[in-house]
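I opened this notebook to record a few look-ups in one model. The entries follow the order in which I made them.

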Amino acid sequence: MSNLNPSGWRPTTPQASGAAGDDVTFTGNRALMLEEALIFEIGSTETTGVDFGTAPKATSRLGGLERGDTIGLPGLSEPETVRHYTRLSRQNYAIDLGLFPLGSCTMKHNPRLNEKMARLPGFADIHPLQPVDTVQGALGVINELAQWLITLTGMHGVAMTPKAGAHGELCGILCIKAALEARGEDRRILLVPTSAHGTNPATAAFAGFTVEDIPATPDGRVDLEALKARLGPDVAGVMITNPNTCGLFERDMKAISDAVHAAGGYVYCDGANFNAIVGRVRPGDLGIDAMHINLHKTFSTPHGGGGPGSGPVVLSEALSPYGPLPFTELYADGHITLVEEETVGDRHPHTFGRMTAFQGQMGMFTRALTYILSHGADGLRQVAEDSVLNANYVLRAMEDVLDAPFAKFGPCMHEAIFSDKGLPEGFSTIDIAKGLIDEGFHPMTVYFPLVVHGAMLVEPTETESKATLDQFIGALRSIANRAKQGDPALKAAPALAPRRRLDETAAARKPVLVWKDAALAQAAE
Ligand SMILES: *Cc1c(COP(=O)(O)O)cnc(C)c1O
């Protein structure tokens with residue numbers, strides 16, 4: 001607190017504020033872009049937003065375990081607190097501010113109707129341990145959403161409880177593991193394409209399998225012949241993303257499934273990219289045994305700091321018997337029960353167990369069902385079509401200035417991929433991404449998937465208008481051209497953001513998670 005001037009403002013140096021050149025202000029603020037220090041730096045342990053009276057003397061009943069020193073948490077007055085968090089929130093980028101082209105993440109608009117429904121007291125104010133007779137409506141939402149997910153995917157069953165895509169992957173792989181155990185087979189290998197999301201091999205390894213790569217063909221698909229050649233009695237199955245992380249449809253998916261099944265394995269599909277095919281393709285028809293659906297991607301529930309994930313897993317007839325508890329069951333008279341350990345009896349004897357304490361992400365179920373019902377079957381199909389159309393619009397508008405490695409093989413699905421090939425010496429993907437920040441856009445996904453050098457994965461989603469896409473394309477073309485001309489200013493981008501380039505590797509590898517008063521730390525040395 002020693003570095004505070006009496007008014008609470010901390011003048012910042014150009015380096016600290018990241019401000020360009022001479023436009024440094026006394027406060028470090030730049031017009032509406034407000035600096036904000038950590039609460040530990042601006043708050044004081046002597047301040048709170050509440051006036052407490054002196055605590056009355058009381059005999060402690062803690063048996064000598066009462067705290068002897070202060071907690072040391074800094075406080076602010078109420079208006080200072082409101083400003084602190086409001087200022088921090090303004091340094092965030094959000095889908096409510098602009099296009100968020102983060103590939104593989106489906107950052108689409110979250111309709112406000114979903115929020116209204118999720119906030120209805122009958123959904124928002126209930127408790128997972130309430131007697132089921134008092135929460136029939138909520139169980140009805142879970143059950144109806146489950147039916148929609150089964151219908152949309154053409155699958156046999158669905159496990160609703162997993163709480164994210166990666167959690168759903170684990171659920172599906174545990175089903176496969178349980179099925180193999182029931183068959184008495186010890187298959188240890190899971191085949192995963194080189195283009196897979198990092199969560200796929202992580203899930204496989206976490207569940208005790210050994211991961212082996214399947215190579216890709218030059219047109220960005222799984223190499224079917226290489227996959228077939230590897231199949232055998234030690235292979236538990238495959239984990240394949242479709243549409244894949246290069247934004248391409250795996251056209252051989254049915255042939256892959258048939259070959260894997262013939263060799264006694266199971267097919268896990270990473271369904272994170274379901275947005276591109278919802279209402280158009282039923283994964284069940286492609287022979288898939290298990291697939292997670294990211295409700296927070298395809299079905300528009302907020303994510304990325306805006307809300308929790310939800311990753312229901314649809315299951316084939318072969319894997320459904322192994323799915324986790326609990327699940328809902330609808331009786332002919334309209335009554336819904338929750339099938340749990342206490343109530344399951346001998347109805348679901350092969351379940352591998354349980355993924356979560358309770359019933360899953362209720363708020364996300366309500367949002368997703370609202371989204372599905374407000375779109376209808378035809379509207380969901382249009383979601384897929386428009387998301388693919390938007391991505392192809394970006395692909396074709398950019399391919400003359402950025403290398404698009406698969407563009408010559410045909411259209412993409414819901415995301416367009418570019419590489420850093422052709423950028424001059426010294427310029428790469430990171431410069432394009434940082435340039436976008438100055439233009440007021442969240443960068444696209446970069447350096448993923450690994451199969452494309454310096455990958456830039458752009459997923460505009462269907463909720464962006466042509467006008468917004470044109471503005472984004474204009475910005476991206478301008479940045480690509482600046483890179484091609486070797487503009488040194490681009491190497492320093494972002495120049496207009498609150499901070500310049502941060503050492504992201506150091507931040508990830510050596511995160512500073514504990515605040516230390518610099519003066520105290522120095523005194524201690
Ligand atoms: C987002 C994503 C995942 C993981 O989903 P989470 O909900 O973040 O756990 C897995 N695979 C792919 C291809 C994804 O895009």
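**Entry 1: Gly 379**

I located Gly 379 in helix 12, which covers residues 362-398. The model is a predicted one, and I kept that in mind throughout. Is Gly 379 buried or exposed? I found a relative accessible area of 14%, so Gly 379 is buried, the cut-off being under 20%. I then checked Gly 379 against Val 278: the two C-alpha atoms lie 9.9 Å apart in space, while the residues are 101 apart in sequence.

**Entry 2: the annotated domain**

I consulted UniProt, where an unreviewed entry lists residues 183-304 as "domain: Aminotransferase class V". Over residues 183-304 I read 24% helix and 20% strand, with 40 Å between the end C-alpha atoms.

**Entry 3: aromatic pairs**

I counted four aromatic pairs. One of them, Phe 40 with Trp 515, is stacked, at 5.2 Å centre to centre and 15° between the planes. I noted that this pair links distant parts of the chain, 475 residues apart: Phe 40 belongs to helix 2 (residues 39-42), and Trp 515 to the loop between helix 16 (504-509) and helix 17 (518-524). Phe 40 is partly exposed at 31% relative accessible area, and Trp 515 is partly exposed at 27%.

I next looked at Tyr 93 and Phe 100, an edge-to-face pair with centres 5.5 Å apart and planes at 70°. Tyr 93 counts as partly exposed, at 24% relative accessibility, whereas Phe 100 counts as buried, at 9%.

**Entry 4: a charge over a ring**

Which residue lies over the face of Phe 427? I identified Lys 491, at 5.3 Å from the ring centre.

Terms used:
Residues are numbered from 1 along each chain as its sequence is written. This is a predicted model: local features need pLDDT of at least 70, side-chain atom pairs count only at pLDDT 80 or more; totals for chains, interfaces and linings use all residues. Side-chain values use heavy atoms; hydrogens and water are left out. Helices (H or I, at least four residues) and strands (E, at least two) are DSSP runs, numbered from the N terminus. Buried means under 20% relative accessible area, exposed over 50%, partly exposed in between (1.4 Å probe, protein chains only). UniProt positions are given in the numbering used here, feature names are shortened, and annotations may be inferred rather than shown by experiment. Rings of Phe, Tyr and Trp (its six-membered ring) pair if their centres lie within 6.5 Å; planes under 30 degrees apart count as stacked, over 60 as edge-to-face and the rest as tilted. A charge sits over a ring if NZ of Lys or CZ of Arg is within 6 Å of the ring centre and within 35 degrees of the ring normal.
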